[in-house]
Protein chains: 2
Amino acid sequence: MILETIACIGAGNVGRSWAVVFARAGRRVFLWDPSPAALEAALAAIEVSFADLHAAGLLDDPQAGLGLISVAPNLEAALGKADYVQESALEVLSVKQALFAKMDALAPANAVIASSTSAIPGSAFLEEVPGRARCLVAHPVNPPHLIPLVEICPAPWTDPDAVARTRALMEAVGQAPVVVEKEAPGFLLNRLQWALLGEAMHLVGEGYCTAEDIDRVLTQGLALRWAFIGPFEVGHLNAAAGLAGYFGGLAEAMSRVQGSLRTDYPPSEELVAKLHAELAARHPVETLPDRQAWRDRRIMGLRRYLDDAARDEG
Amino acid sequence: MILETIACIGAGNVGRSWAVVFARAGRRVFLWDPSPAALEAALAAIEVSFADLHAAGLLDDPQAGLGLISVAPNLEAALGKADYVQESALEVLSVKQALFAKMDALAPANAVIASSTSAIPGSAFLEEVPGRARCLVAHPVNPPHLIPLVEICPAPWTDPDAVARTRALMEAVGQAPVVVEKEAPGFLLNRLQWALLGEAMHLVGEGYCTAEDIDRVLTQGLALRWAFIGPFEVGHLNAAAGLAGYFGGLAEAMSRVQGSLRTDYPPSEELVAKLHAELAARHPVETLPDRQAWRDRRIMGLRRYLDDAARDEG
């Protein structure tokens with residue numbers, strides 16, 4: 001079954017970006033938010049996003065997608081015809097609990113209902129929902145219309161069919177889904193990101209290097225491979241005998257390094273203030289919107305380059 | 001003082017790539033290895049590297065650089081006029097100890113002598129060297145002529161002037177140096193890489209996801225930002241109040257995640273065999289040289305894209 005009609009509930013940065021994801025892939029989108037001002041701002045931002053995608057060469061016809069997005073007058077109208085619901089409300093447990101109870105009551109019996117939550121495990125707000133078998137987490141990376149990864153995480157009672165339909169929808173609209181088989185704090189992406197960030201805090205906090213050095217290790221080192229091959233393939237290609245040779249040859253060094261990591265290094269007020277000052281000296285807080293727009297243009301350009309290279313080289 | 005004449009000692013994969021780094025930037029390079037067969041293979045590979053750089057649009061005149069590389073008949077001749085020595089011999093403590101004693105005796109008094117070691121701290125093989133004040137580690141990422149990061153790590157007795165001259169040389173030849181102020185196992189890059197890889201092993205080992213999922217989290221998620229902004233700037237741009245706001249807002253979630261990481265997860269034989277099988281199903285070991293060449297073309301293309309984007313956008 002093709003999921004044709006999508007309800008995006010919550011029109012903040014994440015919710016409006018989801019609307020772009022679905023509409024640019026030809027899906028009908030109903031957007032709703034309890035705040036009329038948020039909806040108005042979201043529509044303006046969505047228009048900019050479509051124009052930016054077009055300018056970056058990532059979308060031929062921005063008007064077509066834009067025409068598929070409607071603002072719903074209320075939650076009931078937003079959900080009435082939905083095949084799939086993407087909730088992107090506040091990251092507050094009681095808000096999610098109340099909203100999922102309502103959405104489950106209002107959405108068609110067949111609809112999948114997914115939460116964008118990054119911080120709250122689905123089981124914490126889904127247990128009491130009568131239709132909890134059709135509910136799950138589909139965690140995007142911000143902003144989802146630029147970064148394709150989606151972490152699909154079922155709760156213990158989620159129907160495997162709801163997982164399969166969500167995965168198929170995400171693939172159909174051009175996202176890159178992974179299924180997290182069991183609930184883990186931070187799913188996969190934030191666990192990997194914060195493992196690296198925790199050790200980075202340790203290295204800066206203990207005076208081994210500066211924050212700018214850490215950024216350089218990524219941009220001039222690690223990410224030049226990770227942009228197109230992940231850490232396991234990096235290892236597979238770094239030893240003549242493949243991944244088994246990589247782990248075999250480096251076992252001792254890796255064990256020594258991993259035994260001395262401090263990925264739970266506490267982000268003390270003093271250290272955070274020092275790091276913030278170092279970053280703010282390069283990019284003052286009042287200039288962050290410009291720098292964010294720059295980052296988004298760079299992500300679009302990078303994805304276009306990577307897509308072209310994949311198509312050219314196979 | 002400009003370091004004009006470079007000795008590259010050891011002509012394996014790392015040593016020959018260093019020769020390309022220095023020669024393409026106009027430095028005179030003397031290459032030496034105890035094995036004549038290794039030197040012959042290195043010269044052939046260096047010619048291919050120059051041709052590949054030219055084909056990728058990263059180098060105008062491949063012949064100019066090639067003409068600056070000479071094979072030295074012995075260690076003494078290689079070092080005789082050196083301003084800077086880059087050692088890339090076997091990662092064996094006794095080999096490094098013997099070689100540094102010889103190099104220190106033969107190199108001009110003013111020369112800096114650097115080791116490419118990734119696994120052995122400089123202090124372990126430099127302590128007894130009479131000229132140890134001019135010795136340090138300059139750890140590249142493989143292959144250095146494609147990946148610019150260089151980790152400069154002084155031993156406790158290294159003269160700050162040797163550090164400063166090494167950093168200036170690396171910048172002058174287009175590499176991206178960072179200085180690691182104190183010795184740490186794995187320096188910076190492998191600590192960050194293996195923090196992430198250790199948690200990835202944990203996630204796959206405990207059945208949360210597959211190795212392919214982890215690779216996807218990087219290529220379709222994290223690395224789309226890390227290719228041009230590091231983890232601290234990612235945080236700075238992810239909160240309206242900058243990095244301080246990022247750590248403030250996520251403190252609880254981050255602490256919960258970091259408290260449950262297992263970055264020292266043991267790479268059991270069974271798990272490594274399973275991961276190897278998964279990777280080898282996609283890229284069999286006998287096809288790895290082709291895949292490595294593909295990776296290198298991708299790195300060159302990516303760097304060219306990133307360089308162009310930086311020049312165009314500022």
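**Domains and chains**

Colleague: What are the bounds of domain 1 and domain 2 in the domain assignment of chain A?

Modeller: This is a predicted model, in which local features need pLDDT of at least 70, side-chain atom pairs count only at pLDDT 80 or more, and totals for chains, interfaces and linings use all residues. Residues are numbered from 1 along each chain as its sequence is written, while chains are lettered from A and ligands numbered from 1 in the order in which they are written. Domain bounds come from an automatic or database domain assignment. For chain A, that assignment gives domain 1 as 5-179 and domain 2 as 189-282.

Colleague: What rotation superposes chain B on chain A?

Modeller: Two copies of a chain are related by a rotation about an axis and a shift along it. The copies are superposed by least squares on the C-alpha atoms of residues with pLDDT of at least 70 in both. Chain B falls on chain A with an RMSD of 0.1 Å, a shift of 0.0 Å along the axis and a rotation of 180 degrees. That is the relation of a two-fold axis, and the rotation asked for is 180 degrees.

**The interface**

Colleague: How many residues does the contact take from chain B?

Modeller: Two residues are in contact if their C-beta atoms, placed from the backbone, lie within 7 Å. Chain A gives 92 residues to the contact, and chain B gives 92 residues.

Colleague: Which element gives the most to the side of chain B that touches chain A?

Modeller: Helices (H or I, at least four residues) and strands (E, at least two) are DSSP runs, numbered from the N terminus. The elements of chain B that give two or more residues to this side include β8, α8, α10 (231-237) and α13 (288-313). The most, 15 residues, comes from α9(B).

Colleague: How do the residues of the side of chain B that touches chain A divide into nonpolar, polar and charged?

Modeller: Ala, Val, Leu, Ile, Met, Phe, Trp, Tyr, Cys and Pro count as nonpolar, Asp, Glu, Lys and Arg as charged, and the others, Gly among them, as polar. The division for this side of chain B is 56 nonpolar, 20 polar and 16 charged.

Colleague: What percentage of the interface residues of chain B are also interface residues in chain A?

Modeller: The copies meet through the same surface.

**Two helices of chain B**

Colleague: What arc do the buried residues of α5(B) fall within?

Modeller: A residue is buried if 20 or more other C-beta atoms lie within 10 Å of its own, exposed if 12 or fewer, and partly exposed in between, with C-beta atoms placed from the backbone. In α5(B) the buried residues are B:Lys96, B:Leu99, B:Phe100, B:Met103 and B:Asp104. They line one face of the helix, because seen down the axis of α5(B) they fall within one arc. The arc, taken from the directions from the helix axis to the C-beta atoms, is 130 degrees.

Colleague: How far apart are the end C-alpha atoms of helix α7 of chain B?

Modeller: The expected span of a helix is 1.5 Å times one less than its number of residues. Helix α7 (residues 160-172) of chain B has 13 residues and should span 18 Å. The end C-alpha atoms agree with this, being apart by 18 Å.

Colleague: Which exposed residues does the face of α7(B) turned away from its buried side carry?

Modeller: The buried residues of α7(B) are B:Ala162, B:Arg165, B:Thr166, B:Leu169 and B:Met170. They cover an arc of only 135 degrees around the axis, which puts them on the same side of α7(B). They pack against β4, β5, β6, β7 (149-154) and β8 of chain B. The face turned away carries B:Pro160 and B:Asp161.

**Loops**

Colleague: Is B:Phe187 buried or exposed?

Modeller: B:Phe187 lies in the loop between β8 and α8 of chain B, and its phi is positive, about 50 degrees, although it is not a glycine. With 24 C-beta neighbours inside 10 Å, B:Phe187 counts as buried.

Colleague: Which residues does B:Glu183 touch, not counting residues up to four places away in sequence?

Modeller: B:Glu183 is in the loop between β8 (176-179) and α8 (189-205) of chain B. B:Glu183 is partly exposed, because 16 other C-beta atoms lie within 10 Å. With residues up to four places away in sequence left out, B:Glu183 touches B:Pro121, B:Gly122, B:Ser123 and B:Cys153.
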